[in-house]
Amino acid sequence: MNNVKILFKEDINKFVQICLKEAKVIAPFKTTYGDTIFSPVTSPSEVVIDHGYENSIIPPKEFFLPQEETMLTYGRYKEGYKFKPSLADESKRIIFGIRPCDVSAILFLDRFFRSDIEDIYYLKKRENTALISFCCHEPQETCFCICTDSGPFLTYGFDLQFIDLEDRYFVEIGTPKGEKLIKFNKNLFKDVSVADEKLRQEIVESTKNKFKSARAYFSKTIRKLSEGKVDRNVWDELGQRCFSCGGCSYVCPTCSCFDVADLLRSRDGYSRIRTWDSCMFAGFTKEASGHNPRLEKKDRVCRRYYHKLSYQYVEKNETHGCVGCGRCIVTCLGNINMPVVVEKIRRS
Ligand code: SF4
Ligand code: SF4
């Protein structure tokens with residue numbers, strides 16, 4: 001089978017319908033308040049296929065690393081404690097309409113959750129999920145994936161990638177998982193013509209000029225941060241502007257910090273849960289002794305950007321920790337976000 005196909009827009013609902021028979025479909029959905037969120041859907045009419053190129057504020061990482069997840073339950077009995085692992089949901093899922101920046105972020109999380117001790121909770125869900133990516137050729141004002149090489153068109157990482165060619169989609173098959181989805185629906189997918197290839201190329205080229213926020217020039221910033229050459233005033237100022245709300249970490253698709261706690265759920269039943277955490281919270285680094293190495297906000301902001309951008313982590317994670325989704329720009333009340341911090345460090 002060729003690794004590219006055409007799907008006419010009039011057939012997209014039929015494709016979603018067949019996907020719904022094969023797996024649980026998670027797709028962009030408009031709430032009654034007008035927000036776009038990723039949510040399980042039960043019919044094609046619920047899917048916002050052309051969602052005005054507005055991405056969800058909470059990234060799809062929540063379907064691999066939920067905000068709260070039970071890892072095991074245990075109880076105290078006469079004969080002692082009994083433990084029951086709570087294994088990950090093994091049902092097949094499709095994330096339909098995921099943006100290229102978020103696919104890149106999932107590849108970043110894959111490396112993290114595969115390194116050292118393999119995280120079965122994340123990896124099981126990942127293994128059972130297909131990613132159908134929709135490329136953006138009308139980027140939002142806050143998008144800068146063009147600076148982070150994580151969009152708006154990918155060459156790998158997706159199972160299927162859809163590029164909008166006016167009345168049809170140019171569909172690229174990235175993996176055997178994606179190929180299987182095409183095979184199930186082979187009557188819907190047509191062969192690609194030379195004109196389709198040409199239009200795809202034109203759209204890819206013209207999109208590059210549409211980014212308004214191509215302003216995160218990382219290289220000098222990475223060097224200065226890694227060599228410890230950032231003026232302390234930068235962190236003092238950013239620390240004063242930070243509210244320690246943790247919003248930047250929660251909306252960031254590459255942030256993966258979590259906390260683990262044991263909760264008493266009933267008289268004898270306990271649950272070990274993990275929940276999202278944030279390096280921007282004062283308690284994040286508080287030690288058992290009571291000492292806190294990052295008590296001050298400026299130190300926490302500094303640490304966050306060091307983790308995202310320094311050589312040490314770029315080497316370990318094979319890339320820096322930003323995919324240019326722009327969510328921190330939308331979220332932070334103190335106007336602390338990746339492009340602002342990159343520029344501040346570069347010019348300091
Ligand atoms: S940087 Fe902004 S979003 Fe992040 S904790 Fe501080 S105020 Fe909240
Ligand atoms: S640092 Fe900001 S722009 Fe970069 S991936 Fe995180 S939320 Fe998106």
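**Strand pairing, domains and ligand surroundings in a predicted model**

In strand β3, Thr36 is the bridge partner of Lys30. Strands β2 and β3 run antiparallel and are joined by six bridges. In general, the strands of a sheet pair through backbone hydrogen bonds, in either a parallel or an antiparallel fashion. Here β2 and β3 belong to an open sheet of eight strands, ordered β3-β2-β6-β7-β8-β9-β1-β10, with mixed pairing. At its edges lie β3 (36-41) and β10 (189-190), each of which pairs on one side only.

Arg126 sits in helix α3 (residues 120-127) and counts as buried because 20 other C-beta atoms lie within 10 Å, the cut-off being 20 or more. Leaving aside residues up to four places away in sequence, Arg126 touches Phe64 and Asp110. Lys92 is 34 residues from Arg126 in sequence, while the C-alpha to C-alpha separation of Arg126 and Lys92 is 9.8 Å.

Several backbone features fall in loops. In the loop between α4 and β8 (160-165) is Pro152, and the peptide bond that leads from Gly151 to Pro152 is cis, with omega near 0°. The loop between α4 and β8 also holds Asp149, a residue other than glycine whose phi is positive, near 55°. Asp149 is partly exposed, with 13 other C-beta atoms within 10 Å. Glu166, likewise not a glycine, has a positive phi of about 65° and is placed in the loop between β8 and β9 (168-173). Glu166 is exposed, having 8 other C-beta atoms within 10 Å.

At the level of domains, the assignment for the protein chain gives domain 1 (4-69 + 86-208) and domain 2 (218-255 + 279-347). Their C-alpha centres lie 28 Å apart. The contact between them takes 22 residues from domain 1 and 17 residues from domain 2. On the domain 1 side, the elements giving two or more residues are α2 (100-114) and α4 (145-148), and α2 gives the most, with eight residues. By class, this side of domain 1 divides into twelve nonpolar, seven polar and three charged residues.

The model also carries ligands, and cysteines feature among the residues that come nearest to ligand 1 and to ligand 2. Around ligand 1 there are 13 residues, of which Cys242, Cys245, Gly247, Cys248 and Cys332 come nearest. The shell around ligand 1 comprises eight nonpolar, five polar and no charged residues. Ligand 2 is surrounded by 13 residues, and the closest are Cys252, Cys322, Cys325, Arg327 and Cys328. The shell around ligand 2 has eight nonpolar, four polar and one charged residues.

Key. Residues numbered from 1 in each chain as written. Chains lettered and ligands numbered in written order. Predicted model: local features only at pLDDT ≥ 70, side-chain atom pairs only at ≥ 80, totals over all residues. Helix = DSSP H or I, 4+ residues; strand = E, 2+ residues; numbered from the N terminus. Buried ≥ 20, exposed ≤ 12 C-beta atoms within 10 Å, placed from the backbone. Contact = placed C-beta atoms within 7 Å. Domains from an automatic or database assignment. Nonpolar A, V, L, I, M, F, W, Y, C, P; charged D, E, K, R; others polar. Near = placed C-beta within 6 Å. Pairing = 2+ DSSP bridges.
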